[in-house]
Amino acid sequence: MPWGDYGDALLVGFAYPDQKDESKILIDRTGPFVPPIYTWARMILISDTLKQKLEKSDLKGFEYQKTFFHKIVNLDWTKWDLNGDNPKVFPNGGDPENYIFGQKHSPETVEKMEKIWCLKLDNKTLTGRRERNVSSNQDLFIIENSWTENDIFNSEGVGYTFFSEKAKLWFENNADNFANFEAFNSKVATQEEIDFAVDYIKPRPQKIDPFAHLTPKDWKTYQKLIDQANKFIAKSNTDKTEKSKLININRAIESLKKAEQIRPLAKKDQQLLNKLRLF
């Protein structure tokens, strides 16, 4: 598409799970035109016409999930000059998404549109990597000896959708030039490479916040006690008698000890408390 984000908004729109029922995929987009195939996030979305062709192919490894039109805007941008520097019409406010969100839903346009289906794919095939953190997809590779032999599939741990050579050729011949592909490395992996790939996709233990139980009031009281301790210390530095100096140091110690009862002292405050106790 031309026109950057404006072109993307016109062609693709939005697709997302229904908050009330995540098994339902909702579609917000322009109509009545529906591309034969397009992507949103990791979803592969296809028109009903392409689905009927795909059902007659011998490609395997996917199911069809129905989507639901949520907000459809009547905007036939396919008649605009796609070779122009700018779209014929800019959306209200200038934001690309306002081609959709800035307009009314059109039930009449929905009636003219093809159904849209989402391909449900597996993610069992492993993707190997040279290092845990990689700089480009050139450092990644499909592990051929983990391939499920499905023609279209995802792989856990990476954001790509993969097509076999057979599937690539089919879509190039049937998707009216809407399917573009990029080559991806693959190899038969060693057991060490497989183990590394499996370890990479293991869920990492989440760090536990030791202070999650503290309320805003607790934090406020803690900080107030730390501030009091610092004021007592500052005052002790100007006291003219040892007695008054010791009183303020003891007050600082008591403030720090009360703060410590709320949560463990920060490192510098703990060091300060240890130092004061030596007096």
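Helix H2 and helix H5 cross in a right-handed sense, meaning that the near helix is turned clockwise from the far one by less than a right angle. The model is predicted, with local features requiring pLDDT of at least 70 and side-chain atom pairs pLDDT 80 or more, while totals for chains, interfaces and linings use all residues. Residues are numbered from 1 along each chain as its sequence is written, and side-chain values use heavy atoms, without hydrogens and water.

**H2 and H5**
- Helix H2 covers residues 48-55 and helix H5 residues 165-174; their axes lie 12 Å apart at an angle of about 135° (axes are lines fitted to C-alpha atoms over the stretch in contact, and angles run from 0 to 180 degrees between N-to-C directions; helices are DSSP runs of H or I, at least four residues, numbered from the N terminus).
- H2 is therefore oblique to H5 (under 35 degrees is roughly parallel, over 145 roughly antiparallel, 65 to 115 roughly perpendicular, and the rest oblique).
- Leu-50, Lys-53 and Leu-54 of H2 meet Trp-170, Phe-171 and Asn-174 of H5 (contact means heavy atoms within 4.5 Å).
- Four nonpolar, one polar and one charged residues form this contact (Ala, Val, Leu, Ile, Met, Phe, Trp, Tyr, Cys and Pro are nonpolar, Asp, Glu, Lys and Arg charged, the others, Gly among them, polar).

**H7 and H9**
- The axes of helix H7 (residues 216-236) and helix H9 (residues 267-276) come within 12 Å and cross at roughly 40°.
- H7 and H9 are therefore oblique to each other.
- The crossing of H7 past H9 is left-handed, with the near helix turned anticlockwise.
- H7 contributes Tyr-222, Ile-226, Asn-230 and Ile-233 to the contact, and H9 contributes Asp-269, Leu-272 and Leu-276.
- By class, these are five nonpolar, one polar and one charged residues.

Definitions and conventions. Helices (H or I, at least four residues) and strands (E, at least two) are DSSP runs, numbered from the N terminus.
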